[in-house]
Amino acid sequence: MDGVIVKEVRSRKDLHDFIFLPEKVHKGEAEWLPPIYMDDKLLFNKKKNKSYLYADAILLVAYSQGKPRGRIMGIINNRYNAIHNENHGRFCFMESYNEPEVFHALITSVEDWARKKGMTHLVGPLGFSDKDPQGFQIEGFEYPLFITAANNSPYMVSLIESEGYGKKIDLVNYLVKMPEELPEIYRRVIDRVGKTSEYKIVEFTTKKELRQVIVPALELMNETFSEIYGFVPLTDKEKVEFANRYIPILDPKYIKVVMSDGQMAGFAVGMPDVSPGIRACRGRLIPFGLLQVLRESKRTKKLMMMLGGVKKEYRGRGLDVLMGVKILESAIKSRMELIDSHLVLEDNHKMRAEYERVGGKVVKKFRIYQKSLRT
């Protein structure tokens, strides 16, 4: 393809091209899951997204014959690099038609940008933190797409590998049929934990109740997720923004908290799969899309596990099992049929064993790639 021009996003029109390019690339794909555009407009707004306070970023769009044909975002997460003593740049939110020249122009532009800023490697797809979509999907394209995960076309895998990128780490996605009864080992754990008054399981019925615990839960997440690849601790402002973003679509009955001595010892968050509602409204919540999403949250038969953590000093005592069982009980009462694990790092053997214990199978695999920028 002749005449590929890569342009940095500087104007409103440029940003419009960047945000809405994916729906053009995937036009005609009935199962493609669009982003929530309200969130994207905040995510890519340097004045409103607090992540830009600690990260350098660049948005690029590739044009051919005056039409947008691909996009990419480059990020240098200075906070993460300082914590982990790395000089790694990131690429993310990459979309392209199946056009190698466009893909090459985009990825090399970010490589040059990161190299000039002193970076030694480029990794991705990886956003500001592990809360953004991670990796390119490499397996399981026959299964439905889900929110907060990559929704790339299969050809993106061959395009990135042809640019010399290799595996950094893989993430897997489990699908579990709702068990008719709990495994015996879970029953034993519940019996043991239930005999002590040291722990109190807290359940919720209203979103007002959730607001009292959501920020403490995110503070606990900062502590417990520190060992997870790609995670960056949330600032106080980011905690509030994160809470405000997700509370409208959370169902209180799928959030469980364990307290000990008046302090939060652990939390677990599940969420009804609202992907069909997002697809129905084409990612546009205003003016009526939110109603479609909320309607889907009431009738879906799939529960997605989103977040969870237990303080280090309370690990190994069965609190994760206790919360998981309570979520299962709520899901069974609501006639849920499937559990989606969200994304699990391939080397998180403990969590993988728990999903396999209840009959879960890996249905999707995602890969974060890396390449040395040293010449």
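Me: What word describes how α8 and α9 lie to each other?
Reply: This is a predicted model, in which local features need pLDDT of at least 70 and side-chain atom pairs count only at pLDDT 80 or more, while totals for chains, interfaces and linings use all residues. Residues are numbered from 1 along each chain as its sequence is written, and side-chain values use heavy atoms, with hydrogens and water left out. Helix α8 (residues 214-224) and helix α9 (residues 236-246) have axes 10 Å apart and pack at about 120°, where helices are DSSP runs of H or I with at least four residues and strands are E runs of at least two, numbered from the N terminus, and angles run from 0 to 180 degrees between N-to-C directions of axes fitted to C-alpha atoms over the stretch in contact. Since under 35 degrees counts as roughly parallel, over 145 as roughly antiparallel, 65 to 115 as roughly perpendicular and the rest as oblique, α8 and α9 are therefore oblique.

Me: Is D17 buried or exposed?
Reply: D17 lies in helix α1, residues 12-25, and, apart from neighbours within four places in sequence, D17 is in contact with Y63 and P68. Buried means under 20% relative accessible area, exposed over 50% and partly exposed in between, with a 1.4 Å probe and protein chains only. The relative accessibility of D17 is 13%, so D17 counts as buried.

Me: How many residues apart in sequence are the parts that F91 and Y165 tie together?
Reply: Rings of Phe, Tyr and Trp (its six-membered ring) pair if their centres lie within 6.5 Å, and planes under 30 degrees apart count as stacked, over 60 as edge-to-face and the rest as tilted; the count by this rule comes to nine aromatic pairs. The ring centres of F91 and Y165 are 5.8 Å apart with planes at 75°, so this pair is edge-to-face. F91 lies in strand β4 (residues 88-96) and Y165 in the loop between α5 (155-161) and β7 (166-177), so the distance in sequence between the parts they tie together is 74 residues.

Me: What is the relative accessible area of Y314?
Reply: Y199 and Y314 form an edge-to-face pair, 6.1 Å centre to centre with 80° between the planes. Y199 is buried at 14%. Y314 is also buried, and its relative accessible area is 11%.

Notes
Contact = heavy atoms within 4.5 Å.
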